[in-house]
Structures are given as C-alpha cells and as structure tokens.
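Here is a short briefing to read alongside the model. Please have the sequence and the 3D view open as you go.

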Amino acid sequence: MPIIVNLDVMLATRKMRSKDLAEKIGITTANLSILKSGKAKAIRFSTLEAICKELDCQPSDILEYSSDKSKDI
Amino acid sequence: MRKLNILKALVDLLWFFSMISVVAMLVIMVIVFFDIGLGDFDFNINGVQIEILDYGTKFLSLILVVSYLIVIYCLYLFRVVLKYFYRLKVFDEVVLKNFNKIGYLLITAAFLTGVTSTIYKVYYMSKVTVAFNFTFSPFVLLVCLGLFFMVLSEIFGISKKLKEENELTI
C-alpha cells in the first residue's frame, strides 16, 4: 500500500510506548499494532484526531504517501 | 438459526435418499450395459424415457447418469457449505469456492441433460416439439440455479472483502 504510517517514528521521538498511547486514545494495543505495521485498511477521523492530539502533531506527520515507482528503483 | 436447522435436516434427508438412488441407478446401469434385460421396467433418467436400447442410447444414458451424479455432487458441496454456516463460518474461503463450483457444475449438468434428451428425442423418437408453457423447464431452472450460485459466490466474495476492511479499520 502506498500509504506509510510513521506512528512508530513519532512514538520514538516522543519516547512514548505503544501501550500508553493505546490507553490514552482508547483503542486496544492489538489495533494500534495493526496500524503501526501498516496492515490497517482505513483509519477513522476520530482515531486520527485522538492520535494527533496525544502526540501533538499533524496528520501528515503520521501518514505519508509513497508512490509505487520508488519501490521499482 | 431454526431455518438453517430445517434446511440442513431437509438436505441431509435428500442426501440419504439420493445415496440410495445412486446405488439403484448403478445397478440398473450394469443391467442395461450388459444386456441382462430390463423386462417390463420403465427406464427413465431425469425425465427422459429410454425405450430403445442400442449402443447410442446406452451412451446417452451414460451421459444422463453422469449429469445426475454431478447434481448429487452439488448436493454434497451444499451440505459442506451448510456445515460451515452452522459453525458460523459464513465467509470462509471454502464457502466461496463451493458456491462457485456448484454453479459451474449445475450449468454443466443442465447442458448435459438438455443436449442428451434433445438428441434422444430428435434422433430416436423423431419428435421435435415447440411448446409454450407457463411452467419453467428443468433445463432453464437448472441453468438459472447455477448462475444464481455463481452470483452468490461473487456477492460473498465482496462481503468478505468488506468485512475484512471493516475489521481492519482502526
């Protein structure tokens, strides 16, 4: 999928554990793990809002678009 | 779930009786092929009355038996699907594959029966009938049923994808 989730990078820069973020935004660690691993098919605006609020960042800091052409090179 | 129980019971009952008919049909086929003699018995497969017994009709009856066995195999596949439904595994890969397979097999059986009975009627009975009825012919019904199962398989495929997307929406 060309959408990359940079949640692990954001967590590392803020020195926050996945478990803590999951508790604060009210989702399970399993779901957060799916989001981090890029297996998620979609993300709700409410979840994105909660993550941005908790990590004090913009949606563009978490989500990144990468075209498939870069993979071919 | 009560409806599913009734359906499962009916299909199981149908399966039991069809097994008996398969055994009986195989015995009759041995009698027909080895010219042991049918006596005064009516030889009728899937509504086609076989009156003349030569190599041609034997071959046609073999095709009819194959089409009948295909329909029985479809019943077996449907039983498997119902077992999956019973275990609440509605969107399992086996269900999708079985629905598609049932569709293809029913259409094959319909064409085998239709073509064979038409050849028999035209060649052996020299009877060509053009009839307009208010009831559906078994050939058309079987083709429709086959197509319905194929459409059902595709719909289940779409539903499975939607379910997965819904589960993976965080």
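Which residues of chain B does the UniProt annotation "transmembrane region" cover? The unreviewed entry gives residues 12-39, 59-82, 102-124 and 130-152 of chain B. UniProt positions follow the numbering used here, feature names are shortened, and annotations may be inferred rather than shown by experiment.

This is a predicted model, in which local features need pLDDT of at least 70, side-chain atom pairs count only at pLDDT 80 or more, and totals for chains, interfaces and linings use all residues. Residues are numbered from 1 along each chain as its sequence is written, chains are lettered from A and ligands numbered from 1 in the order in which they are written, and side-chain values use heavy atoms, with hydrogens and water left out.

**Chain B: overall build**
- Chain B has four helices and two strands, and from the N terminus on its elements run α-β-β-α-α-α. Helices (H or I, at least four residues) and strands (E, at least two) are DSSP runs, numbered from the N terminus.
- Residues 59-82 of chain B are 100% helix and 0% strand, with their end C-alpha atoms 35 Å apart.
- Residues 102-124 of chain B are also 100% helix and 0% strand, and here the end C-alpha atoms lie 32 Å apart.
- Of the 170 residues of chain B, 35% count as buried, where buried means under 20% relative accessible area, exposed over 50%, and partly exposed in between (1.4 Å probe, protein chains only).
- Among contacts (heavy atoms within 4.5 Å) in chain B between residues at least 6 apart in sequence, 73% join residues at least 24 apart.
- Chain B exposes about 11200 Å², and carbon and sulfur atoms supply 69% of that area. Accessible areas come from the Shrake-Rupley method with a 1.4 Å probe; for residues, only the protein chains shown count as cover.

**The second largest pocket**
- The second largest pocket has a volume of about 270 Å³.
- It is lined by 14 residues, and the closest to its centre are B:Leu14, B:Val71, B:Cys74, B:Leu75 and B:Leu106.
- Helix 1 (2-33), helix 2 (55-86), helix 3 (93-124) and helix 4 (138-167) of chain B each give two or more residues to this lining, and the largest share, six residues, comes from helix 2.
- A pocket is an open set of points on a 1 Å grid over the protein atoms alone, where a 1.4 Å probe fits, with protein on both sides within 12 Å along at least five of seven lines; lining residues have an atom within 4 Å of a point.
- Grid points are joined across faces, edges and corners, and a volume is the space filled by probe spheres set on the points.

**Chain A: the annotated domain and some residues**
- For "domain: HTH cro/C1-type", UniProt (unreviewed entry) lists residues 19-62 of chain A; this span is 70% helix and 0% strand, with its end C-alpha atoms 17 Å apart.
- A:Asn6 sits in the loop between strand 1 (3-5) and helix 1 (7-13) of chain A, and A:Asn6 is buried at 16% relative accessible area.
- Leaving aside neighbours within four places in sequence, A:Asn6 is in contact with A:Asp61, A:Ile62 and A:Glu64.
- A:Ser46 belongs to helix 4 (residues 45-55) of chain A and is partly exposed, with a relative accessible area of 47%.

**Positive phi values**
- A:Lys15, a residue other than glycine, has a positive phi near 50°; A:Lys15 lies in the loop between helix 1 and helix 2 (18-25) of chain A and is exposed at 79% relative accessibility.
- B:Leu88 has a positive phi near 60°; B:Leu88 lies in the loop between helix 2 and helix 3 of chain B and is exposed at 64% relative accessibility.
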